[in-house]
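Here is a walk through a predicted model. Start with the way the chains meet, then turn to single residues.

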There are 2 protein chains.
Amino acid sequence: MKLLDIFGTLKKDMNVIERELSRSIDTEHALLNETSLHLLKAGGKRLRPAFVLLAGKYGNYDLERLSNVAVPLELIHMASLVHDDVIDDAETRRGQLTVKSKWDNRIAMYTGDYIYAKALVIVARLENPEIHRVLAKAMVQMSIGEMEQIRDFFNTDQTIRRYLLRIRRKTALLIAISCQLGGLAADAPREVTRQLYRYGYNVGMAFQIRDDVLDLCGTEKQIGKPPGSDLRQGNITLPVLYALQQDSLREPLLAEIQRIHQANGETDVKQAVQMVRGSRGIEQAEALADRYIQKAMDALQQLPSGKTQKHLQEIAHFVAKRSH
Amino acid sequence: MKLLDIFGTLKKDMNVIERELSRSIDTEHALLNETSLHLLKAGGKRLRPAFVLLAGKYGNYDLERLSNVAVPLELIHMASLVHDDVIDDAETRRGQLTVKSKWDNRIAMYTGDYIYAKALVIVARLENPEIHRVLAKAMVQMSIGEMEQIRDFFNTDQTIRRYLLRIRRKTALLIAISCQLGGLAADAPREVTRQLYRYGYNVGMAFQIRDDVLDLCGTEKQIGKPPGSDLRQGNITLPVLYALQQDSLREPLLAEIQRIHQANGETDVKQAVQMVRGSRGIEQAEALADRYIQKAMDALQQLPSGKTQKHLQEIAHFVAKRSH
């Protein structure tokens with residue numbers, strides 16, 4: 001499902017963004033064209049551009065300026081995914097072959113570098129230095145988050161705080177700044193932009209927690225990859241951390257995770273997935289996601305009411321309930 | 001040898017840049033601190049910052065502004081090296097273990113991403129949109145160059161034009177824009193900045209050709225890695241392309257390169273190195289490097305004469321003669 005299907009009003013402008021995305025990665029280099037287009041066509045919800053456009057409604061809505069923010073944000077997201085797939089040894093994403101499995105790791109790394117650089121070419125069109133600062137700082141935090149993730153693979157001793165900090169860097173920040181930069185690019189009032197950031201941050205946290213729940217509870221068709229992929233690669237997510245707090249589950253679950261670790265993920269993860277599914281971890285994680293959604297709704301309450309506020313509420317609801 | 005040893009006059013300012021470089025990569029993240037510092041301490045000639053400062057002498061020399069250009073350029077260079085080492089499977093660089101061999105490929109990839117992002121944080125301080133544009137476009141070209149390099153591994157049919165285009169993207173562009181951006185950041189006259197770019201581009205081409213000659217003719221001590229590393233990884237450089245044009249050498253050299261390819265580089269490359277060393281390829285490559293140096297000198301002739309012009313000449317001479 002693409003968000004543009006929800007919002008008829010955004011559809012025309014989202015199509016413009018989609019065209020700009022295709023144009024932005026265009027290159028005379030055949031292989032880079034192929035890998036980048038493969039990534040682009042693999043789809044995605046275009047959540048970040050949608051947030052930019054909606055945030056822009058709170059100021060002087062100028063599609064060209066907003067596009068110069070929305071396109072780089074989506075490109076940065078895509079580039080981080082392709083580098084992520086190298087790390088995760090992922091064969092598929094969104095039901096499609098990843099660049100690293102269709103080509104190889106080296107090609108995936110440079111495709112990511114290329115897409116990052118193309119994002120910067122568009123960012124360079126923006127003259128507001130604050131946009132540059134916000135974006136660069138978020139990219140630093142994202143790369144720290146990626147590094148954290150590697151270090152925390154199979155770390156069953158990590159605290160929930162540590163998990164939250166990691167998904168903050170990995171996911172929530174980029175969504176937060178999508179809302180913030182949409183506001184900034186449209187010269188929305190400062191306080192509005194601040195609440196937009198708060199909204200985006202909390203939606204982003206909920207989104208990633210939901211993603212982590214889905215990886216355990218979804219079907220392969222829903223999530224576009226085999227369930228339990230996180231556990232296979234050692235990514236210890238919130239439901240697992242909660243499950244590990246359950247006395248009756250802790251020892252057998254630790255043993256299963258250790259077995260997966262020793263097999264380098266090349267083993268059946270069904271047992272571990274079943275344990276977590278059967279634990280209270282799922283509902284506890286969902287409850288925390290709901291708390292973040294509630295905070296996002298609180299931020300929205302501070303914004304002028306109207307159609308845009310309603311749309312942002314719908315997205316938050318969509319994130320809260322999503323099954324894909 | 002660091003270039004700051006040549007130029008007493010730049011020494012103080014180069015030390016400021018060095019401190020800023022250390023500060024720029026500082027992070028609360030222990031592993032990233034360690035990998036980034038390892039890279040920084042592995043040294044390098046700091047050629048790009050030196051060019052920025054020298055170019056700045058042709059305008060309003062403001063160390064802080066120039067540092068905000070010099071530091072990102074060196075960081076981008078460092079980040080590209082660490083990603084390069086992933087691709088090249090390089091164990092050592094400048095006589096030091098590479099990040100990918102001391103840690104692993106994934107950590108090297110994210111260290112590169114982190115350093116790129118840190119470069120952007122500093123670039124964001126600059127308000128001149130032209131600087132952003134020039135930098136972003138160069139980064140796109142660099143990533144295309146890296147991708148080309150992968151595709152051209154063991155491609156013995158490539159033309160010399162293709163080789164030159166690759167080193168232009170891989171090396172010459174970043175040196176060219178170091179000179180250009182130094183001029184831009186100091187508001188030097190347009191024509192001066194144009195000639196600075198021309199100078200940097202030609203010095204950069206000569207520099208990379210020399211590097212490729214050294215990889216074949218230098219000792220392990222001189223080049224900080226075993227000679228013939230390029231051939232081992234399939235990087236077909238100018239002296240090899242010239243040697244392949246020699247009728248008497250072509251067949252045996254092709255056979256040797258094919259043997260190295262089939263062994264995935266895990267074999268002795270001495271034979272191939274000896275063939276190229278004994279060919280006319282070395283002097284032909286050196287002659288072409290000299291032509292680029294001559295063009296760099298021509299560009300310098302268009303610049304106001306004085307101490308800075310003399311320093312830039314010395315660097316060009318240094319590049320022409322360098323044995324390390």
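How many residues of chain B are in contact with chain A? The count is 41 residues of chain B, and they touch 41 residues of chain A. The area buried between chain B and chain A is about 3,700 Å². Carbon and sulfur atoms give 75% of that area. Three residues stand out on the side of chain B. Arg106(B), Tyr110(B) and Met147(B) supply 20% of the area that chain B buries against chain A, more than any other three residues.

What kinds of contact cross this interface? Between chain B and chain A there are 0 salt bridges. Polar contacts do occur, with 9 residue pairs found across the interface, both residues at pLDDT 80 or more. Which elements of chain B give two or more residues to the side that touches chain A? They are helix 3, helix 5, helix 7 (105–123) and helix 8 of chain B. Helix 8 of chain B gives the largest share, 14 residues. By type, the residues on this side of chain B divide into 22 nonpolar, 7 polar and 12 charged.

Now compare the two copies.

Next come the salt bridges. The structure holds 31 of them over all chains. One of them joins Glu18(B) to Arg46(B), with the closest N and O atoms 2.9 Å apart. Glu18(B) lies in helix 2 (residues 8–24) of chain B, and Arg46(B) lies in the loop between helix 3 (30–41) and helix 4 (47–56) of chain B, so the pair ties together parts that are 28 residues apart in sequence. Arg46(B) is buried, with a relative accessible area of 2%.

Glu148(B) forms a salt bridge with Arg151(B), where the closest N and O atoms are 3.4 Å apart. Both residues lie in helix 8 (residues 129–152) of chain B, 3 residues apart, about one turn of the helix. Arg151(B) is partly exposed at 40% relative accessibility, while Glu148(B) is buried at 5%. Glu148(B) also meets Arg162(B) in a salt bridge (3.7 Å, N to O). Arg162(B) lies in helix 9 (residues 160–185) of chain B and Glu148(B) in helix 8, so this pair ties together parts that are 14 residues apart in sequence. Arg162(B) is partly exposed, with a relative accessible area of 23%. Salt bridges that share partners join Glu148(B), Arg151(B), Asp152(B), Arg162(B), Arg166(B) and Arg169(B) into one network.

Finish in helix 5 (residues 63–88) of chain B, which holds Asn68(B). Asn68(B) counts as buried, at 9% relative accessibility. Which side chain does the side chain of Asn68(B) meet in a polar contact? The partner is Arg125(B), at 3.1 Å. Leaving aside residues up to four places away in sequence, Asn68(B) touches Ile122(B), Arg125(B) and Leu126(B).

Technical notes
Residues numbered from 1 in each chain as written. Chains lettered and ligands numbered in written order. Predicted model: local features only at pLDDT ≥ 70, side-chain atom pairs only at ≥ 80, totals over all residues. Heavy atoms only, no water. Helix = DSSP H or I, 4+ residues; strand = E, 2+ residues; numbered from the N terminus. Buried < 20%, exposed > 50% of the residue type's maximum accessible area, 1.4 Å probe, protein only. Polar contact = N/O pair within 3.5 Å; in protein donor to acceptor, adjacent residues only side chain to side chain. Contact = heavy atoms within 4.5 Å. Salt bridge = Lys/Arg side-chain N within 4 Å of Asp/Glu carboxyl O. Buried area = accessible area lost by both parts, 1.4 Å probe. Nonpolar A, V, L, I, M, F, W, Y, C, P; charged D, E, K, R; others polar.
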